[in-house]
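Open your viewer and get ready to pick out residues and helices one stop at a time. Which part shall we visit, and what is there to see?

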Amino acid sequence: MSGLNFINPFGVREDPGTFTGDFYTENFSRKAKPGTVILNLGPQHPSTHGVLRIVVELDGEYVIRAEPVLGYLHRMHEKMGEVKTPWQFIPNMGRVDYLHPIAWNWAYVGAVERLGGIEVPERAEYLRVISCELNRIASHLMWWGAFVMDLGGVTPILYAFEEREKINDILQIVTGSRLTLSYFRFGGVSTDVDERFLRLTKEFVPYLRERLKMYKALVTDNIILRRRLEGVGPMGVDICQRYGATGPILRAAGVASDTRRDIPYGIYKKFDFDIPSGPTNDSFGRYLVRLAEVEESLTIVEQAIKELPAGAIRIDKAPKANYKLPAGETYFAVEGARGQVGCHLVSDGGTRPYRIKLRAPGFSNLSLFAEAAKGTLLADAIAILGSLDLVIPEVDR
Amino acid sequence: MELTIANFVQIVIACLLIIALMVGNAVIMVYIERKAAGFIQRRPGPYEVGPRGTIQAICDSMKLLGKQLFIPGNVDWLLYFLAPVMAFLPVLLLFLPIPFGKYLVALKVDDGILLILAFAGLGVISNILAGWASNNKYGLLGAARAVAQSVAYEIPMIMALLAVVFMAGSLNLSEIVERQGTWPWQWNIVFQPLACFIYFVSLVGETNRAPFDLPEAESELTAGFHTEYSGMGFALFFLSEYANMLLVSFVCATFFLGGYKGPILDGFWWTFIKAYAVMCLIVWLRWTFPRVRFDQLLNINWKWLLPLSILNLWVTAIVLKFIE
């Protein structure tokens, strides 16, 4: 037809017959049933929180199939660990999971200490617990705000950020940074706490307890939120077992599994705290478990601050840049905000580890999504995705 | 009504004033909304541009005006450009029969509310066109949601308004205001609390505002039916959203809150005060609640609002019959 092209008056961009998108979508769509829509959620979608990409097959608004596509934030942390000395690799651990970096600090430093047989002074152990738990609270608060934002409530995230800022202020005193914290050193921690740190932490604990009551009244008891979450995305023990889910997801399924209790590390044996395991295994159960964990972390921080002993924060001959790891193999696991954070370390006796494998809880937890999202509405799938508490840099590593 | 030159001139002038009102309202409401959101979220809101950030909205609209008209690939460009215009135009007509003051009515018609309800249905067509024409799956899903939602929430809305129409015995908006007294306890909200509540819930649904903002649903559909619009196309959707909000608030003020009548000195200022109070309530809702799910949205309507509004209509009719 000559004359005006009504479809594309300003010149042809792509021929609609040949343009099918990228390799993954094309192959995904070959298995699609007739009459369905392939929808690409991400990597720049508002509720994937980072660069997770999910290809979804939709029938109307019902999700028939959902497949996460990973690798948009792959930074080769494991390979980097093999070409750097252990001392050089510590800052990397703050960048794997930007919401709970202290747990990753601990996983790597703990693995090296276990392999090298390095003792840690008692004061340093207390400081490790305090910083790790404060960081866990910050991570859970951040998740809480972002999760409610996924459900359409924009305001709570700004409240959560205020609390998180306070924790950042506290941790900044000892770590010097606010996001990619790297506080741990082999045989101790980098800096001792001062008066201001202790005062701010002591003030923060009762303050947050009051705030949590307000959050319950404002958000948890809200009828719209409850209707959106109750019964959505149930994940029982069997599915958690098959995919290796840990952390709040497994606990919401009714298993009181926590690395701090199961494989005790550091001085967690000394503290009196509960492992909250949820009444329901749906999204609301996971929500409640995380909020309960914040309270438990506050109890641990309170006890640790009270019993904080005097002494050195690092052993005298702490390993430095020229440290040679003894030959051997070890696995050290800690409880991160999202589940079991592990570091598998193999050394052949050189200055650099032979192999590092990082166990990211987010990766296992994300694997549940494809099965849990099947047959739900798109809005429910987003809620399930949010309830998994994913941090994409950690998933991709 | 006979169409004379005087009438025609009057309507043209009224239309121009209404356009001014719509644009002015959008500028003011953007400022109010952002400041209210800032207050609720404990942050300052806009404060850099102009005194206390008052010029921010104008600067934003200038930016939108200055943007390039961008067409994504493979769109139906006629419908793509028509949709924002169609969102904007019917709103103009909707304001004609609203009695802002006793004598401040653009078009005195006997069945004003019929005119409003008839043309209000046109708004959703622009949403369908926008979602369909922009060749985007998010847009299509948003458009599908918009249709189902708009069709559903129109019915209880009409039912709630009909109860008031029964009481007034007229479809004329001025008449309905005249039937109400000057004091708050003489307003229809006292005699028809259920109808007022149903109308308020449906107006939130009808104007696609949170917690019923499913056609836009940022965390699910990125921006819903206007995902592919930028610049002036987006600005027109934005403008029509605020104009629709203003319209339903004016209807709410007229039907349930006594219109231009007030305790001291009747006049158009009372209509505006009441309408903006309703708007502030809508803004407050948006920044407080999470979004409902789509099936829940329809359940609220078909299982609760519709039966309740029918019941309310029956009871009103029976009571009126007995009073006679």
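Helices here are DSSP runs of H or I with at least four residues, strands are runs of E with at least two, and both are numbered from the N terminus. This is a predicted model, in which local features need pLDDT of at least 70 and side-chain atom pairs count only at pLDDT 80 or more, while totals for chains, interfaces and linings use all residues. Residues are numbered from 1 along each chain as its sequence is written, and chains are lettered from A and ligands numbered from 1 in the order in which they are written.

**Stop 1: the helix pair in chain A.** Select residues 86-96 for α3 and 101-116 for α4; their axes come within 7 Å and cross at roughly 150° (axes are lines fitted to C-alpha atoms over the stretch in contact, with angles from 0 to 180 degrees between N-to-C directions). The two are therefore roughly antiparallel (over 145 degrees; under 35 is roughly parallel, 65 to 115 roughly perpendicular, and the rest oblique). Among the residues making the contact are A:Phe89 and A:Met93 of α3(A) and A:Trp104 and A:Tyr108 of α4(A). In contact means C-beta atoms, placed from the backbone, within 7 Å.

**Stop 2: around B:Cys252.** Beyond its neighbours within four places in sequence, what is B:Cys252 in contact with? Select B:Tyr199, B:Phe200, B:Leu203, B:Leu257 and B:Val278 to see its partners.

**Stop 3: a helix pair in chain B.** Now show α6 (137-168) and α13 (294-323) of chain B, whose axes come within 9 Å and cross at roughly 15°. α6(B) and α13(B) are therefore roughly parallel, and their crossing is left-handed.

**Stop 4: a loop in chain B.** Finish at B:Arg42, in the loop between α1 (5-40) and α2 (56-66) of chain B. Its phi is near 55°, positive although the residue is not glycine. Is B:Arg42 buried or exposed? B:Arg42 is exposed, with 10 other C-beta atoms within 10 Å (buried means 20 or more, exposed 12 or fewer, partly exposed in between, with C-beta atoms placed from the backbone).

Note on methods:
Contact = placed C-beta atoms within 7 Å. Left-handed = near helix turned anticlockwise from the far one by under 90°.
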